[in-house]
Amino acid sequence: MGPMRPAIWLPPLLWMALILTLSSDVGSAQHTSRFLVPLLRALWPDVDPQQVQAVHFALRKAAHLTEYAVLAVLWFRALAAGRGWTAGRAAGLALALSVACAIVDETSQSFTPSRGGSAADVALDGTGALLA
């Protein structure tokens, strides 16, 4: 069994804290649209407002894939280095921990008025973790 060094374990824990923070009202579509929609309009001034909303939606879904891919990589790194496990065992547990975080994330969103928990988002999050 490897050492329990904070340098190994802190990154996935901090990343999970960031994910769960963004699950609050702070990361709602209403709040992200305040900076993403003006940015998209500045980049493409002639784009139809419905297209801007579609791109905003797509960016938010891409964020699901990306944030959980990063989480899975951070867990894999911690488990492989910190525990000395085989790559397969570390990858399996990294995936399981990432999906567990996604379930907690979406469950907490279901209790936030400006958010909505979604099984489809858990699947999207799990896909990001699996791809990593």
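Of the 132 residues in the protein chain, 32% are buried. The structure described here is a predicted model.

**Overall form**
- Taken along the principal axes, the C-alpha atoms of the protein chain fill a box of roughly 55 × 30 × 25 Å.
- Among the contacts in the protein chain with a separation of 6 or more, 67% are accounted for by residues 24 or more positions apart.

**Confidence of the prediction**
- The average pLDDT of the protein chain is 89, and 97% of the residues score at least 70.
- Among the elements of the protein chain, H5 has the highest mean pLDDT, at 96, whereas helix H2, which spans residues 29-43, has the lowest, at 83.

**Packing of H4 and H5**
- Helix H4 comprises residues 87-109 and helix H5 comprises residues 119-131; the two pack at an angle of about 155 degrees, and their axes are 9 Å apart.
- Because an angle over 145 degrees counts as roughly antiparallel, H4 is described as roughly antiparallel to H5.
- The crossing of H4 and H5 is right-handed.
- On the H4 side, the contact is made by Leu95, Ser98, Val99, Ala102, Ile103, Asp105 and Glu106.
- On the H5 side, the contributing residues are Asp121, Val122, Asp125, Gly126, Ala129 and Leu130.

- Lys61 belongs to helix H3, which covers residues 49-82.
- The relative accessible area of Lys61 is 23%; because this value falls between the limits of 20% for buried and 50% for exposed, Lys61 is classed as partly exposed.
- When residues up to four places away in sequence are not counted, Lys61 touches Asp121 and Leu124.
- Asp121 is also one of the H5 residues that make the contact with H4.
- Lys61 and Asp125 are 64 residues apart in sequence, and the distance between them in space is 9.1 Å, C-alpha to C-alpha.
- Asp125, too, is among the H5 residues in the contact with H4.

Terms used
Residues are numbered from 1 along each chain as its sequence is written. This is a predicted model: local features need pLDDT of at least 70, side-chain atom pairs count only at pLDDT 80 or more; totals for chains, interfaces and linings use all residues. Side-chain values use heavy atoms; hydrogens and water are left out. Axes are lines fitted to C-alpha atoms, for helices over the stretch in contact, and angles run from 0 to 180 degrees between N-to-C directions. Helices (H or I, at least four residues) and strands (E, at least two) are DSSP runs, numbered from the N terminus. Angles under 35 degrees count as roughly parallel, over 145 as roughly antiparallel, 65 to 115 as roughly perpendicular and the rest as oblique. A crossing is left-handed if the near helix is turned anticlockwise from the far one by less than a right angle, and right-handed if clockwise. Contact means heavy atoms within 4.5 Å. pLDDT is the predictor's confidence in each residue, from 0 to 100. Buried means under 20% relative accessible area, exposed over 50%, partly exposed in between (1.4 Å probe, protein chains only).
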